[in-house]
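Here is a friendly set of notes to read alongside the model. Please keep the sequence and the 3D view open as you go through the points.

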Amino acid sequence: MREVVERHGQWSAHNVHLGGGVYTMGEYVRGDEVSARRVLQAAADVLGRPLAGTRILDLACLEGLYAIEFARHGADVLGIEVRERHIAKARFAKDALELDNLEFVKDDVRNLSPDRYGSFDVVLCLGILYHLDAPDVFEFVHQMANVCRRCLIIDTHIANAAEASFVHGNQKYQGKYFTEHSPEATPSEKEERGPGWASIDNVTSVWLTRESLYNLLAHAGFTSAYECSNPPVPQWFEDRFTFVAIKGTRQEVLSAPLLAAQPDAEWPESRGVPPASTAAGTARALRRIGRALPGPARDIVRRLRS
């Protein structure tokens, strides 16, 4: 493990217990473990059968925590990661845990296709969708649908208000641009930023609104989609959520035959965050800031909240 750290740096996010009291980061809960509990439970609930023998794909798997967790439950897992230092740590943990049912591949997730990797019962898109620019973000959702047999789990930031419009495949979507890198950033600077959590090449990325994400999932062929809130994951960010999209058999409402002749409705874009939600979000942010400040400054923040 010391050799891996000397060559590739410390683990940045995924604290994996390797046995014997040895952790990749330390004997504490780093945070992604809590998210892993939600993702694991959602996948198990949707599949409705033991994870052993299912095929799982973890896209942009970073240091491998989620892929490792599913493999430890007996699933056959493939993790795809573009950065060498992340995948080296993931492979180290895989070997330490002797997980023969787990494979890590160094590749760009935008190369995803059934011909290249086959199909999967569960596809994990955790912390990658909001790092893609247009048109990649739209094409990527369709690529995931092409390899997904049952369940897609997305953990992503969303745009709380529509600031930009995008057209893909004659469909219109809304969202906003997010700056990943300086336009002058070199490839090596992009590789290192984050630490290694930012996009691999694009300078900007697209964050979709919740409504546009739901519409995009429907356009890609998922028959239903849900926001997953339990198990809870306490979050610093107010705009990051977990979504579960399912591929099933489209049902016909027999009691309303006229529906069959109507096209599926689209989610209309909202006009932004309602004032009450904005106020609530601001109050939560001020509470967190206040807790980190010394006494006099905390009093100022308390007055701002009131």
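**Notes for a first look**

1. Let us begin with a charge and a ring: Lys 89 lies over the face of Trp 11, 5.9 Å from the ring centre. In these notes a charge sits over a ring if NZ of Lys or CZ of Arg is within 6 Å of the ring centre and within 35 degrees of the ring normal. The charged end of Arg 210 is placed over the ring of Phe 241, with 4.6 Å to its centre.

2. A word on what you are looking at. This is a predicted model, in which local features need pLDDT of at least 70 and side-chain atom pairs count only at pLDDT 80 or more, while totals for chains, interfaces and linings use all residues. Residues are numbered from 1 along each chain as its sequence is written, and side-chain values use heavy atoms, with hydrogens and water left out.

3. Next come the aromatic pairs, of which the count is 9. Rings of Phe, Tyr and Trp (its six-membered ring) pair if their centres lie within 6.5 Å; planes under 30 degrees apart are stacked, over 60 edge-to-face, and the rest tilted. The pair of Tyr 214 and Phe 243 is edge-to-face because the ring centres are 5.7 Å apart and the planes stand at 90°. Since Tyr 214 belongs to helix H8 (residues 210–220) and Phe 243 to strand S12, this pair ties together parts that are 29 residues apart in sequence. Helices (H or I, at least four residues) and strands (E, at least two) are DSSP runs, numbered from the N terminus. Both Tyr 214 and Phe 243 are buried, where buried means under 20% relative accessible area, exposed over 50%, and partly exposed in between (1.4 Å probe, protein chains only). Elsewhere, ring pairs link Phe 138, Phe 166, Tyr 173 and Tyr 177 into a cluster.

4. Where is the largest pocket lined, and by how many residues? Its lining has 48 residues, and Gly 127, Tyr 130, His 131, Trp 197 and Arg 240 lie nearest the centre. The volume of this pocket is about 1,200 Å³. On a 1 Å grid over the protein atoms alone, a pocket is an open set of points with protein on both sides within 12 Å along at least five of seven lines, a cavity is a set where a 1.4 Å probe fits but cannot get out, and lining residues have an atom within 4 Å of a point. Grid points are joined across faces, edges and corners, and a volume is the space filled by probe spheres set on the points.

5. Which elements build that pocket lining? Helix H2 (32–47), strand S7 (148–157), helix H7 (187–196) and strand S12 (240–246) each supply at least two residues, and H2 gives the most, with 4 residues. By class, the pocket lining holds 21 nonpolar, 13 polar and 14 charged residues. Here Ala, Val, Leu, Ile, Met, Phe, Trp, Tyr, Cys and Pro count as nonpolar, Asp, Glu, Lys and Arg as charged, and the others, Gly among them, as polar.

6. The largest cavity holds about 40 Å³, and its lining includes Leu 129, Tyr 130, Thr 156 and Trp 207. S7 and strand S10 (204–208) are the elements that give two or more residues to this lining, and S10 has the largest share, 3 residues. The cavity lining has 7 nonpolar, 2 polar and no charged residues.

7. Two peptide bonds deserve a look. Ala 134 and Pro 135 are joined by a cis bond with omega of about 5°, and Pro 135 is in the loop between strand S6 (120–126) and helix H6 (136–147). The bond from Asn 230 to Pro 231 is cis as well, with omega near 0°; Pro 231 lies in the loop between strand S11 (224–228) and S12.

8. Finally, check the loop between strand S3 (55–59) and H3, where Ala 60 is found. Ala 60 has a positive phi of about 50° although it is not a glycine. Leu 62, in the loop between S3 and H3, has a positive phi near 55° and is buried at 14% relative accessible area.
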